[in-house]
Amino acid sequence: MLVHEEQCVGCGACMPFCPKEAISVYGIAEIDPERCVNCGLCAAYCPNDAIEGD
Ligand code: SF4
Ligand code: SF4
């Protein structure tokens with residue numbers, strides 16, 4: 001999954017939806033590719049459409 005840095009506002013809303021705890025937010029969201037299973041939940045819940053499948 002890819003975070004569009006210019007669209008992410010760092011709200012952290014996506015974090016609790018990740019079943020793998022792959023998202024951390026330090027200013028903007030970062031996704032740990034080692035943990036991410038590409039389920040797409042974070043992308044679905046981001047209010048700013050900042051996350052996209054890659
Ligand atoms: S929900 Fe969207 S805008 Fe908010 S931290 Fe996550 S990726 Fe960024
Ligand atoms: S795609 Fe799924 S596993 Fe990967 S960061 Fe988003 S919610 Fe977590």
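Leaving aside its neighbours within four places in sequence, which residues is Val25 in contact with? The legends below begin with that view.

**View 1. Val25 and its contacts.** Apart from neighbours within four places in sequence, Val25 is in contact with Gly10, Gly12 and Met15; two residues are in contact if their C-beta atoms, placed from the backbone, lie within 7 Å. Val25 belongs to strand 2, residues 23–26. Helices (H or I, at least four residues) and strands (E, at least two) are DSSP runs, numbered from the N terminus. Val25 is partly exposed because 16 other C-beta atoms lie within 10 Å; a residue is buried with 20 or more other C-beta atoms within 10 Å of its own, exposed with 12 or fewer, and partly exposed in between, with C-beta atoms placed from the backbone. Val9 is 16 residues away from Val25 in sequence, and their C-alpha atoms are 9.8 Å apart in space.

**View 2. The whole protein, a predicted model.** This is a predicted model: local features need pLDDT of at least 70, side-chain atom pairs count only at pLDDT 80 or more, and totals for chains, interfaces and linings use all residues. Residues are numbered from 1 along each chain as its sequence is written, while chains are lettered from A and ligands numbered from 1 in the order in which they are written. The average pLDDT (the predictor's confidence in each residue, from 0 to 100) is 97 for the protein, and 100% of the residues score at least 70. Along the sequence you can follow the pattern β-β-β-α-β. The radius of gyration, taken over C-alpha atoms, is 9 Å, close to the 10 Å that the globule rule gives for 54 residues, so the protein is as compact as a globular protein of that length. That rule is 2.2 Å times the number of residues to the power 0.38.

**View 3. The largest nonpolar core.** Eleven residues make up this core: Met1, Val3, Cys14, Cys18, Ile23, Ala29, Ile31, Cys42, Cys46, Ala50 and Ile51. A nonpolar core is a set of buried Ala, Val, Leu, Ile, Met, Phe, Trp, Tyr and Cys residues joined through C-beta atoms within 7 Å. In soluble globular proteins, nonpolar side chains tend to be buried together. Not counting residues up to four places away in sequence, Cys46 touches Ala13, Cys14 and Ile51.

**View 4. The surroundings of ligand 1.** Here 14 residues surround ligand 1, and the closest are Cys8, Cys11, Ala13, Cys14 and Cys46. A residue is near a molecule if its C-beta atom, placed from the backbone, lies within 6 Å of it. The shell has eleven nonpolar, three polar and no charged residues. Ala, Val, Leu, Ile, Met, Phe, Trp, Tyr, Cys and Pro count as nonpolar, Asp, Glu, Lys and Arg as charged, and the others, Gly among them, as polar.

View 5. Of the 14 residues around ligand 2, the nearest are Cys18, Cys36, Cys39, Leu41 and Cys42. Eleven nonpolar, two polar and one charged residues form this shell.

**View 6. Two loop residues with positive phi.** Most residues other than glycine have a negative phi. Yet Asn38 has a positive phi, near 55 degrees, and sits in the loop between strand 3 and helix 1 (41–45). Asn38 is partly exposed because 14 other C-beta atoms lie within 10 Å. Asp49 also has a positive phi, near 50 degrees, and is found in the loop between helix 1 and strand 4 (51–52). With 11 other C-beta atoms within 10 Å, Asp49 is exposed.
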